[in-house]
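Here is a short tour for anyone meeting this structure for the first time. Take a look at the sequence and the 3D view, then follow the points below.

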Amino acid sequence: MSAAEKLDPELESFRAEARAWLSENFPQSLKDFDVVLLGMIGQRPGGDAKLWTDRMGEKGWGTPTWPRQYGGGGLTPAQARVLSQEMNRIGAKNPIGGMGVMMFGPTLLEYGSEEQKKRHAPGIVSGAVRWCQGYSEPNAGSDLAALRTQAVDKGDHYLVNGQKVWTSGAQYADWCFCLVRTDNSKKHEGISFLLIDMKSPGIEVRPIRLISGASPFCETFFTDVKVPKENLMGPLNGGWTIGKRLLQFERAGLGGGAGSAGRGGDVRGVDQIAKDYVGVDETGRIADRDLRARIAQHQMDAKAFGLTVQRAQTEAKSNMGPSATTSIMKNAGSRLQQDRAELLLEIMGHQGLGWEGAGFTREETDTTRAWLGGKAVTIYGGTYEIQNNIIAKRILGLLDHQ
Amino acid sequence: MAVLSEEQSMLRDAAKSWVSGKSPVTALRKLRDSGNPDGFDRAAWREMAEMGWAGIIIPEEYGGSGLGYLTLGLVLEETGRTLTASPLVSTALAATTALLLAGSDAQKKEWLPKIAEGKAIATLAVDEGAHHAPEKIALKAAKSGSGYALSGKKSFVLDGGVADLLIVAARTNGKAGDKTGITLFLVAGNAKGLTREKLKSVDSRGVANLTFDNVEGAVLGSADNGFDVLDATLDRARAGLAAEMLGSATQAFETTLDYLKTRVQFGQVIGTFQALQHRAAKMFTDLELTRSCVEAALSAIDRNANDIPALCSLAKAKASDLAHLVSNEMVQMHGGIGMTDIHDAGLYLKRARAAEASFGGSSYHRDRYARLMGY
């Protein structure tokens, strides 16, 4: 919080209002508990988690800056920051999340028709409707625009056939925002942005088992799936621009959180864990000097990243939405997360190499699984290499290989 | 590649062909998914022993072929290519080396022929915590009647859950941290007072934590002066394991290189992109450098040269760094498919970490290298 914000009387009055509302509505049993994580494993919140979700949804504060007319909180960015500070203060986490909030919602507000906003925004705001992303295909990964899932115009509907892969949470999703091919004669200009009800006949979802043992992603098959025409978002064959805009929101979400989110089971600092597993010398230094130097390097990198996040936030205050600099955040943040996991594994030695069962603590096996799962962060949402291409081309102005 | 004798070339070719036919990566997958409690396939191990692999470093008079460590390294490199889980490292390399270096004629006669025939699984039990630290041995061995009684713990013992013979490094004098006062003991796998806890490891191989409660042990070598033999044994195990890691890294690299040549994105194979080409070239460079270190260490052992410790630390550190680089790039360059369990990349990634942790990782060996060099 900057000094200017502290002195702003209007903001301070909002702070008092937020504080009062939170103290009345936040169930103490959910202190430090992340309701959104339930959704990621397919569970609907119950009990206090449901109560908290419903209250925040109704108030619109789960999507604080979204307009009031679609159920959002209608707060200014400054007010949203105050709300976030007040929630942090009491250990209250936002129960409204997922791809609908982070990725689809902001895109819907920018590109959706009035009718589409009215239809789809309230379900995201209340946390009732879960969205998944139908982008990648087996032969369209980094080269996303090579996608081949067809949507053929059949008069009153589109007939969709094809296969998507890495559809996160498809097995639990109610709706899918999907990039489909509506013109075979052009690459980028033949793609449309389609909203597909996951309950439609002809959709088959198969979870993919990852090297970490988890299955957060699916293969999704579309066979003669009928999609009403009103579910086309934006112009026909104009989906690529919308799809890319959504990826900017995704990158902003993925990289920015890497410093704190995306961690394994550990809650202590890397240095503290190292002291426990490796021991200290007579002056209190981590006994393995080689490791100690690399921990210091990592912590400096983490500090630099945190400072950059702060600086970007400060600079973005006057600006709406993410900019091209989000590509820097994703690579820096994901590399940091992977370095941290590698360090932790090395620190834990053999204890960090358990799969499950006796002989390993929960923190240890969680760290192992997070190490493996974290290998995905330089692949999904645009690979490390694609992010570097974007930096080189868009920010540095370097030309394509001719 | 080292210059090989005809016998060595034949053995390597036989290993290459057996591994690709009988023990592809799917064999490890099967082992993992079937929940095999041994951590290796006993039928496959019998075949390996029949081909003479269990007795490669055992002299002919004890039932082996006496071909030496470089030859065993050639076989380990081939089994490493497909991540074959077997007692080669625990039994044919580590435990056999300890018996060869310190065993009495009677001890050798009792165990080496059985090992060479593949009838006995043996292993070395050294570490007691999360990290390799042979100097810090605390497990106590106290005089008891005509022998010794061992009490304490050993952790992450390779094939420790099934071994018929455990070679246990114990403290008969001094305190943890002292190099003197360490003695090696032979302990039967079914000894009274021994509790074995099998662990589910990330690389799906058989490792176990052992608890000793007044377990009877027979001295191997001389009492209180076991550290030098232990250190020499560990060095040979390190060099052999480095050969296995080199094999795994070579295969991981070749699989990735094939993918770079076949995966099409943006209308061209992704191997046309310089960003990937340069990383592939870097991996190839590191593979070649590491091969030199591994072969030098194994040859030095066969010649009983005086720079064995430094070369073994060099080989183990280089092989560990290489294995991490290549297995991580294998996942990254394969993209999403590399993250899936049905692809092999994850298996190489997991094995790289587990193999590094055995007998000391890069950090341990860089420090040891510096100490050996006098700084």
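A:D32 counts as exposed because it has 8 C-beta neighbours inside 10 Å, and a residue with 12 or fewer falls in that class. Please keep in mind that this is a predicted model.

**Two residues with positive phi**

- A:D32 sits in the loop that joins α2 (9-25) and α3 (36-40) of chain A.
- The phi angle of A:D32 is near 65°, a positive value in a residue other than glycine.
- Most residues other than glycine have a negative phi.
- A:D224 is not a glycine either, and its phi is positive at about 45°.
- Where is A:D224 found? A:D224 belongs to strand β7 (residues 217-228) of chain A.
- A:D224 has 11 C-beta neighbours inside 10 Å, so it counts as exposed.

**Where chain A meets chain B**

- The contact draws 38 residues from chain A and 29 residues from chain B.
- On the side of chain A that touches chain B, the elements giving two or more residues are α9 (270-278), α10 (289-316), α11 (326-348), β9 (354-356), α12 (362-373) and α13 (384-395) of chain A.
- That side of chain A is made up of 17 nonpolar, 13 polar and 8 charged residues.
- Strand pairing also links the chains: β9(A) and strand β6 (residues 194-201) of chain B run antiparallel and share 2 bridges.
- Which residue of β6(B) is the bridge partner of A:G354? The partner is B:S201.

**Chain B as a whole**

- You can find 11 helices and 9 strands in chain B.
- A compact globule of 375 residues would have a radius of gyration near 21 Å, and chain B agrees with this because its own value is 21 Å.
- Along the principal axes, the C-alpha atoms of chain B fill a box of roughly 80 × 50 × 40 Å.
- Of the 375 residues in chain B, 54% count as buried.
- Among contacts in chain B with a separation of 6 or more, 75% join residues 24 or more positions apart.

**The domains of chain B**

- The domain assignment divides chain B into domain 1 (6-120), domain 2 (123-225) and domain 3 (228-372).
- Domain 1 and domain 2 of chain B have C-alpha centres 23 Å apart.
- How many residues of domain 1 of chain B are in contact with domain 2 of chain B? There are 20 residues of domain 1, and they are in contact with 18 residues of domain 2.
- On the side of domain 1 that touches domain 2 of chain B, two or more residues come from each of α2 (25-34), α5 (88-102) and α6 (105-117) of chain B.
- α5(B) gives the most to this side, with 7 residues.
- The residues on this side of domain 1 of chain B divide into 13 nonpolar, 5 polar and 2 charged.

**The nonpolar core**

- The largest nonpolar core holds 195 residues.
- Those with the most contacts inside this core are B:I167, B:F185 and B:A297.
- Beyond its neighbours within four places in sequence, B:I167 is in contact with B:A95, B:A98, B:A122, B:L124, B:A125, B:L184, B:L186 and B:L220.

Definitions and conventions
Residues are numbered from 1 along each chain as its sequence is written. Chains are lettered from A and ligands numbered from 1 in the order in which they are written. This is a predicted model: local features need pLDDT of at least 70, side-chain atom pairs count only at pLDDT 80 or more; totals for chains, interfaces and linings use all residues. Two residues are in contact if their C-beta atoms, placed from the backbone, lie within 7 Å. Helices (H or I, at least four residues) and strands (E, at least two) are DSSP runs, numbered from the N terminus. Ala, Val, Leu, Ile, Met, Phe, Trp, Tyr, Cys and Pro count as nonpolar, Asp, Glu, Lys and Arg as charged, and the others, Gly among them, as polar. Two strands pair if DSSP finds at least two bridges between them. A nonpolar core is a set of buried Ala, Val, Leu, Ile, Met, Phe, Trp, Tyr and Cys residues joined through C-beta atoms within 7 Å. A residue is buried if 20 or more other C-beta atoms lie within 10 Å of its own, exposed if 12 or fewer, and partly exposed in between; C-beta atoms are placed from the backbone. The radius of gyration is taken over C-alpha atoms; the globule rule is 2.2 Å times the number of residues to the power 0.38. Domain bounds come from an automatic or database domain assignment.
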